[in-house]
Amino acid sequence: MWERFIAQRRWRLLALLVPYLWMVGRYHFVCDDAYISFRYGRHLARGYGLTYNVADGPVEGYSNFLWVLLSAVAESQLWDVVWWSPVVSALCGVLLVVRMEACCRNRLGMGVAASFVATAWFAWCPVATVWSTSGLATMPFALLFFVTAESLFFKRSVVQSVLL
């Protein structure tokens, strides 16, 4: 019965993603370092440039430039950056889990059960789920790193790696 259940991809992904998303919700937190990026993004969106304190002028004190830019976009649209940032991170985590499962099966030639267990090892890891909602670019970075490594290793374009 177990083999038949995980033989269908939609059930495998459901079995991987439901516990992952439950743990993401359970361990949800926004790291205090994320508020640094949010503040830089707010000042950038308001036209003050990349500065932590408006009076100090431009000072680089952020650790993830792309996240600052995304925060600036959210701030310019008056979206709640503290809400959307973990959502974007968690969605990147979902895409990463889906990509990992597909890579294990299609690229590495692992069997259904082995690819399920290998992907579950990551998807159900508390550390991965905690950092899925940290407000930092941890999951987007992990996703981009994975698809880049996959595309380099298997000589595919990054677009093909994400879509296939």
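Let's start with contacts across the sequence. Residues 24 or more positions apart account for 65% of the contacts in the protein chain with a separation of 6 or more. Contact here means heavy atoms within 4.5 Å.

Now the ground rules. This is a predicted model, where local features need pLDDT of at least 70 and side-chain atom pairs count only at pLDDT 80 or more, while totals for chains, interfaces and linings use all residues. Residues are numbered from 1 along each chain as its sequence is written, and side-chain values use heavy atoms, with hydrogens and water left out.

Next, the overall layout. The protein chain has nine helices and zero strands. Along the sequence the pattern reads α-α-α-α-α-α-α-α-α. Helices (H or I, at least four residues) and strands (E, at least two) are DSSP runs, numbered from the N terminus. The C-alpha atoms fill a box of roughly 65 × 35 × 25 Å, taken along the principal axes. Of the 164 residues, 40% count as buried. Buried means under 20% relative accessible area, exposed means over 50%, and partly exposed is in between (1.4 Å probe, protein chains only).

On to the nonpolar cores. A nonpolar core is a set of buried Ala, Val, Leu, Ile, Met, Phe, Trp, Tyr and Cys residues joined through side-chain atoms within 4.5 Å. The largest has 22 residues. Which members touch the most others? They are Leu16, Tyr20, Leu96, Val97, Phe122 and Phe146. Helix 2, helix 5, helix 6 and helix 8 each supply at least two residues of this core. Helix 5 gives the most, with seven residues. Take Phe122. Not counting residues up to four places away in sequence, Phe122 touches Leu96, Val97, Met100, Ala128 and Met139. There is also a second, separate core of ten residues, and Cys31, Ala34, Trp67 and Ala74 are among them.

Which residues of helix 6 are buried? Ser115, Phe116, Thr119, Ala120, Phe122 and Ala123. Seen down the helix axis, these buried residues fall within an arc of 155 degrees, so they line one face of helix 6. The arc is that of the directions from the helix axis to the C-beta atoms. Turned away from that buried side is a face with the exposed residues Val117 and Trp121.

Stay with Ser115 for a moment. Its relative accessibility is 0%, so Ser115 counts as buried. Its side chain reaches the backbone oxygen of Val112 at 3.0 Å. Leaving aside neighbours within four places in sequence, Ser115 is in contact with Glu101, Cys104, Arg105 and Met110.

Side chains of opposite charge can pair when their charged atoms come close. The structure holds four salt bridges. A salt bridge is a side-chain nitrogen of Lys or Arg within 4 Å of a carboxyl oxygen of Asp or Glu. In one of them, the side chains of Glu101 and Arg9 meet at 3.0 Å, N to O. This pair links distant parts of the chain: Glu101 sits in helix 5 (residues 81–107) and Arg9 in helix 2 (residues 9–26), 92 residues apart. Is Glu101 buried or exposed? Glu101 is buried, at a relative accessible area of 0%. Arg9 is partly exposed, at 36%.

Glu101 also bridges to Arg12, with the closest N and O atoms 2.8 Å apart. Again helix 5 is linked to helix 2, with Glu101 and Arg12 89 residues apart. Both Glu101 and Arg12 are buried.

Another bridge joins Glu150 and Arg107, with the closest N and O atoms 3.4 Å apart. Glu150 is in helix 8 (residues 138–153) and Arg107 in helix 5, 43 residues apart. At 3% relative accessibility, Glu150 counts as buried. Through salt bridges that share partners, Arg9, Arg12 and Glu101 form one network.

Last stop, helix 4. Ala72 lies in this helix, residues 65–76. At 9% relative accessibility, Ala72 counts as buried. Where does Ala45 sit relative to Ala72? The two are 27 residues apart in sequence and 4.8 Å apart in space, C-alpha to C-alpha. Beyond neighbours within four places in sequence, Ala72 is in contact with Gly41, Leu44 and Ala45.

Technical notes: Polar contact = N/O pair within 3.5 Å; in protein donor to acceptor, adjacent residues only side chain to side chain.
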